[in-house]
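Please look through the structure below before reading on. The text then goes through a few of its helices and residues in turn.

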Amino acid sequence: MEPKKSETNKLEHRKFRAIIFDIGRVLVRLDVAGAMGGLAGMISLTPQETWAAIEHDPRWRDWQEGRMSPRDWQLHICRRLGVNLTFEQFSEIWNRVLDPTPVLDGAFLESLSKRYCLAVLSNTDPIHVAELEKHFDFFRFFNHRIYSCVVGASKPSPLIFRAALQACKTTADNAIYVDDIPAYVEAARQLGMTGIVFQSPEQLVADFEDFALIPRSPL
């Protein structure tokens, strides 16, 4: 989303200290259909129907906010879908959603980390957290990692955004939040943060240039 000119002028006078990124579809591509295909092949649902059933499960929020252990979640979903999987088999299927190719260039994130406090803020679970931190080396550029399953709150709750600001030791008016979901960006804006709706790496670079976060590329 391109910033308005008046908004850009105002922002250029701010001293931004922190950039907070969502993970899914911003830093890491998601392949929900591919992951759910591993479960859907065992039941009479499509991958989309399988994901909808899981995401609308009454325990979903408990899982995302850390009130269920990974093994309890595995047993719950296996019972719910009527499949027989070991914890290892379930975890392997669950982690297929995480496409191994990052969205943003590592050199870009490294350059940002030298000028700003970088943090990730994500609605996610312990199984995905372990897989993400194990396989994506760009996490070394993020000193602060705010996960819903650790904080006990998920977006759009103000609690999780405030946890990120506290971790970065900054105030909302000195922080930028990047997410692909407009409602979550709006929640950050309501707290006084500058929000960017992520659409593509090229758009993000252009917005960062407009906000004077990075030098403008020569024509």
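The paragraphs below treat a pair of helices, a further helix with one of its residues, and a cysteine.

This is a predicted model, in which local features need pLDDT of at least 70 and side-chain atom pairs count only at pLDDT 80 or more, while totals for chains, interfaces and linings use all residues. Residues are numbered from 1 along each chain as its sequence is written, and side-chain values use heavy atoms, with hydrogens and water left out.

Two packed helices are described by the angle between their axes and the distance between the axes. Helices here are DSSP runs (H or I, at least four residues), numbered from the N terminus. Axes are lines fitted to C-alpha atoms over the stretch in contact, and angles run from 0 to 180 degrees between N-to-C directions. For helix H2 (residues 32–40) and helix H3 (residues 47–55), the packing angle is about 90° and the axes are 8 Å apart. H2 and H3 are therefore roughly perpendicular to each other, a term for angles of 65 to 115 degrees. On the H2 side, Val32, Ala33, Met36, Gly37, Leu39 and Ala40 take part, and they meet Pro47, Gln48, Thr50, Trp51 and Ile54 of H3. The residues of this contact (heavy atoms within 4.5 Å) comprise eight nonpolar, three polar and no charged. In this grouping Ala, Val, Leu, Ile, Met, Phe, Trp, Tyr, Cys and Pro count as nonpolar, Asp, Glu, Lys and Arg as charged, and the others, Gly among them, as polar.

H2 and H3 are also among the elements that cover the buried residues of H5, together with helix H4 (60–64) and helix H6 (87–94). Those buried residues (under 20% relative accessible area, 1.4 Å probe, protein chains only) are Trp73, Gln74, His76, Ile77, Cys78 and Leu81. Just after H5, glycine 82 has a positive phi of about 75°.

Glutamine 74 lies in helix H5 (residues 70–81). Its relative accessibility is 6%, so glutamine 74 counts as buried. A polar atom of its side chain is 2.9 Å from the backbone oxygen of leucine 85. Neighbours within four places in sequence aside, glutamine 74 contacts Leu85, Thr86, Phe87 and Phe90.

Cysteine 168 belongs to helix H10 (residues 158–168). With a relative accessible area of 9%, cysteine 168 is buried. Beyond its neighbours within four places in sequence, cysteine 168 touches Ala18, Ile20, Cys117, Ala119 and His144. Arginine 145 is 23 residues from cysteine 168 along the chain, and their C-alpha atoms are separated by 10.0 Å.

Key:
Helix = DSSP H or I, 4+ residues; strand = E, 2+ residues; numbered from the N terminus. Parallel < 35°, antiparallel > 145°, perpendicular 65-115°, else oblique. Buried < 20%, exposed > 50% of the residue type's maximum accessible area, 1.4 Å probe, protein only. Polar contact = N/O pair within 3.5 Å; in protein donor to acceptor, adjacent residues only side chain to side chain.
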